[in-house]
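These are my notebook entries on a structure that I looked up. I begin with the terms and then go through the chains in turn.

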Amino acid sequence: MPDVRDVGALMSVTYDIAARDFVRAGEAANKLKRLLQQLGLDPAVIRRAAIAAYEAEMNIVIHSYGGQIKVDITPESIEIFCEDSGPGIPDIEKALQEGYSTASEEIREMGFGAGMGLPNIQKSADKFRIESAVGRGTCLQVTILHEAGE
Amino acid sequence: MVQPYFHSVTLETENCKGCTICIKRCPTEAIRVRNGKAKILELRCIDCGECIRTCPNHAKRAIADDFSLLSKYKYTVALPAPSFYAQFSGQDMSISRILQGLLQLGFNAVFEVAEAAEHVSLAISRYIENSSIRPLISSACPAIVRLIQVRFPELVDHLVPVHAPVDIAARLAKEMVMRKLGLKREEIGAFFITPCPAKVTAIKQPIGFQESWVDGAIPITTVYARMLKVLPYAEETPGLQQASSVGVHWGRATGEERAVKVPRRLAVDGIHSVIEVLEEIEVGKFHDIDFIECQACRGGCVGGPLTVQNAFRSWVNIEELTRNLPCEINPGIADEVDKRWEEGFYSLEGEIEPRSILKLDDDLSKAIEKIELLEKTVKFLPGLDCGSCGSPSCQALAEDIVQGLASEGDCVFVLRDGVQSLAEELLELARQVPGSISNQETTDKRTPSEDGRED
């Protein structure tokens, strides 16, 4: 989905996410959160962006072979693009249900894989798009408006 | 906020050696060393007292009240923090004797903050039941409230907007004295015996309400020496001691969490551990927890910078002092809380406002410019976080540079490189002089025999 990226971005940042790296997992979301705080954005907007980025980052860590999170700050919104190469999601509708998870027992024992990742991202987003190709990977676009309702 | 900030934590300039120990431990990066002395940044300081604890030269001090303030009031009430009890131990020690000791120090009455803590425990439980926000975070520790305002502004909604026990204690005590003795509110002075500077600040500059009912905060360290003199003569006095073990346990970590009756709770103490937990909450974790007790000091209030006893010892003292007390909150208190909850007696009247210290500029495009400059600057700095520049880390120095509060030359490594290249340049120039300059200025200085003027 790189073509949908807003060319009017005020600034862009990219974070590389390594698969299965639980030591660094969450760092990208934390960096993004600090950046948004430095920009002085609305606390409620920052919160939603941080949650969406964190869950997306964890999904890449847990399920994929690695990927990237790119964030554009536009005058109207925060656009979060996530791309990974990996197994993809065979049934997106199911994956969007709360509690549905394909995470392994091992991952669940670490306290992850509760099946809340995608639903939480969707809840935090004003606009949400997901595309996935089985055997290739998953793309996610999350829009969070600066001046938003729920 | 227009009003200048009051801070209990202040610097004793003469004692400060300009070392960098405090700047590294400060949880809000509120201290810089400039011109060889520490400087506290007012907007960032949360009065947690971490610097008082860590300064080896005792150059940080808490400004608080002392006994001289008592004479301003017709009638005085001591409000001892539960952690105050924990300073005392011994076979014959009891809370009743400690309270009697306070009366002998000149207070007309005592009201246990531990008792008010029981009210607050029930009020917090009520609030949690009626709120959909999770996890909810206790607002009892004023350093944590301020930490969240400045460093975790997204989480201010998670704070339970219920008054801290000391404020409830002051109100209950004054109401009682007004009723029984017919005194006016301003004739009564209520004094908190405090374990920490954050409480001093919270009383002088409350958050979430206008004016505190507490008239002063006297450090435990000030009261302690006087208590040692009177305690041997202080006898058990029936009726003085009212609080149950539940309220007294608020003086140490986990005490509050256990007193709040909701299913899933956790307690975290030590400000750096609290920060770790808050960072998790910021990204959406811990939403399955109902209530979190957060204490800035390790061990809870007994670990406060203005206490005397070792915090671990104090834990044992609390156990011993509460051994014979009831384990449950008096049902009478539950009835009172039920009644007064509806009047809003326990609720903060105002909002707890976020006030982020991280924002680089009010203007978004300027903030973006600053971020870009910041990234460049961070790359330029050595990344050793040595603190020699007087800022707590290379990242913090970069922020200071971007904000015009420091310069690259403050970094000793950048300076050294600068001096080195300057020296090299100088050497280079020195070599060039004979060849490049052939005018009078140079030739004049030469001896006539060397002078080979050729034009």
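Entry 1, terms and source. The model is predicted: local features need pLDDT of at least 70, side-chain atom pairs count only at pLDDT 80 or more, and totals for chains, interfaces and linings use all residues. Residues are numbered from 1 along each chain as its sequence is written, while chains are lettered from A and ligands numbered from 1 in the order in which they are written.

Entry 2, chain A. I looked up the contacts in chain A with a separation of 6 or more, and residues 24 or more positions apart account for 64% of them. I then listed the elements of chain A, which are five helices and five strands; helices (H or I, at least four residues) and strands (E, at least two) are DSSP runs, numbered from the N terminus. Along the sequence, their pattern in chain A reads β-α-α-β-β-α-α-α-β-β. The radius of gyration of chain A is 14 Å, close to the 15 Å that the globule rule gives for 150 residues, so chain A is as compact as a globular protein of that length. This radius is taken over C-alpha atoms, and the globule rule is 2.2 Å times the number of residues to the power 0.38. Along the principal axes, the C-alpha atoms of chain A fill a box of roughly 40 × 30 × 30 Å. I found that 38% of the 150 residues in chain A are buried. A residue is buried if 20 or more other C-beta atoms lie within 10 Å of its own, exposed if 12 or fewer, and partly exposed in between, with C-beta atoms placed from the backbone.

I listed 18 helices and 11 strands in chain B. Its radius of gyration is 29 Å, well over the 23 Å that the globule rule gives for 455 residues, so chain B is more spread out than a compact globule. Buried residues make up 46% of the 455 residues in chain B.

I looked up an open sheet of three strands in chain B, with the order β7-β11-β10 and parallel pairing; two strands pair if DSSP finds at least two bridges between them. β7 (136-137) and β10 (265-269) of chain B stand at the edges, each with a single partner strand, so one side of each is left without a neighbour in the sheet. B:Leu136 stands opposite B:Phe291 in β11(B).

The peptide bond from B:Arg134 to B:Pro135 is cis, with omega near -10 degrees. I placed B:Pro135 in the loop between α5 (113-129) and β7 of chain B. B:Glu29 has a positive phi of about 50 degrees although it is not a glycine.

Note on methods
Two residues are in contact if their C-beta atoms, placed from the backbone, lie within 7 Å.
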